[in-house]
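Student: I have a new model open and would like to learn how to read it. Could you take me through it step by step?

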Amino acid sequence: MHIRFLALAGMLLLSSVHAANQAIQLPSPAAPVRNAAELKERIAVSNAAVKPAESSRPVAPAATARQRASAAIDNEADDMQLLAERISARLAALRKNREARPPVSRKQPAAAVAAAAASSNGHPRHDWSYEGESGPAYWGSMNPAWSACGNGKRQSPIDIRDGFRVNLEPVQFDYQPTRFSVLDNGQTVMVNLSLGNTITVTGRSYELTQFHFHLPSEERVNGQSYPMVLHLVHKDAAGRLAVVALLVEEGEPHGVVQQVWDNLPLESNDAVMATVSMDPAKLLPARREYYTYMGSLTTPPCTEGVLWIVMKEPIRLSSQQIALFARLYPMNARPIQPLAGRRIKESN
Ligand SMILES: [Zn+2]
C-alpha cells in the first residue's frame, strides 16, 4: 500500500509539475503557483482530494495527507530517493521555465492583458487596429484621449522631402549589450530593453526603452516607401520622447533582428525574456546622417512633441526575415499625415 501510495503521489507530483509548466491545472485553488513550497502544498491538497479512490479512509485535511506521505517516504527510502531526484529535476526545470517568462498570467483573457498593457502606457483602450471601423481614420473619435489622432497638426508619419540641408550635429549613440524581452502586443513585435542605452542630441540625453517594427515603413522619403521600419523609442528624464527610425531594405540577414525573431513569443500578448543579451549598437547603419522633424506617436494616443530622427541610410533584413514579420503583421503602418508647414532638417 505504501508503494502504491508512493507511486500515485509521485505520478501526481510529476504530472502536476508538468502541468504547471503550461498552466496550473490542479483542482483548487486555480491561481498560479509562485514557488516550489506552494506547489508541494497544492499537490498535498490534491492528493488528499483523490485519496478516497485509493483507500477507504475518509477525506483527510491537507496536513494529515502530508503526514501520511511523510510516513510512507520514511518506509520507502530508496524509492523516495529516486522520486526525490526526479521531482527536484522537474522543479528545477519548472523554476527555469518560470524565470524565463514575464510576469503576465496566461490565465488572464487577452483583452485584460491588452488593457493592462495599455493602461501602463497611459492608454485607456487598446482596441484600435489598422483597418475597418477601428482603423486610423477612426482613432481620433474612438476615445477622447486619442483626439490628437484626428485633429492634431503635428502628426506622424510624414513624407520626408524638401528638408533644410544643414550641418546637423551627429546623434551620440551610447548603446551596449543589454538584456531584452520580446513582446507580441497584438499590434507589433516590441523589444523591451534593460536600462543603460542612451542617445544624446541637442544637449539632451534620452534613454532607449524599446524598439518595434512596422511593415511597410510608415515614413516615406521623397514619396518612396520601404519594406519595413524599426522605431527605437527613447525618453528623457522629463518624459520627452525621441524616436530613431531605421528604414529597412532587403539584403543580407540581420543578426540582431534574428535574435528578436528567435525569441518571438508563441502567442499574441505574450512575452519572452531572452537568455542572451543583444547589442542595439549593431542595429544602426554605418552612416549616421539623418532627417529630423517634430511629430507624434504613430499609434493612439498620437501624442505630439516627439522628436523624430530618421536615419538616411537604410539597414538590411533578408527577404525571409521580412516575410516572417509579414506573416504576423501584413500591414501595421499608419498612413502619411500632412506636414502642415512643419520644418524638416537634414544632414548635409
Ligand atoms: Zn512605431
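Tutor: Gladly, and let's start with burial. A residue is buried if 20 or more other C-beta atoms lie within 10 Å of its own, exposed if 12 or fewer, and partly exposed in between, with C-beta atoms placed from the backbone. Here, 28% of the 348 residues in the protein chain are buried. This is a predicted model, in which local features need pLDDT of at least 70 and side-chain atom pairs count only at pLDDT 80 or more, while totals for chains, interfaces and linings use all residues. Numbering starts from 1 along each chain as its sequence is written.

Student: What does the pLDDT say about the protein chain?

Tutor: pLDDT is the predictor's confidence in each residue, from 0 to 100. The average for the protein chain is 77, and 64% of the residues score at least 70. Over residues 1-80 the pLDDT is below 50, and beyond near neighbours in sequence this stretch has 73 contacts in the model. Two residues are in contact if their C-beta atoms, placed from the backbone, lie within 7 Å. Where pLDDT is low, the predicted coordinates should not be read in detail.

Student: How many helices and strands are there?

Tutor: Helices (H or I, at least four residues) and strands (E, at least two) are DSSP runs, numbered from the N terminus. The protein chain has 9 helices and 15 strands.

Student: Which residues of helix H9 are buried?

Tutor: In H9, residues 319-328, they are Gln321, Ile322 and Phe325. These cover an arc of only 100° around the axis, so they lie on the same side of H9; the arc is that of the directions from the helix axis to the C-beta atoms. Ser319, Gln320, Ala323 and Arg327, on the other side of H9, are exposed. The cover over the buried residues includes strand E10 (241-250) and helix H8 (255-262).

Student: Which residues have the most contacts inside the largest nonpolar core?

Tutor: In soluble globular proteins, nonpolar side chains tend to be buried together. A nonpolar core is a set of buried Ala, Val, Leu, Ile, Met, Phe, Trp, Tyr and Cys residues joined through C-beta atoms within 7 Å. The largest one has 52 residues, and Met228, Ala245, Leu246 and Val248 have the most contacts inside it. E10 gives the most to this core, with 7 residues. Not counting residues up to four places away in sequence, Met228 touches residues including Val248, Ile322 and Phe325.
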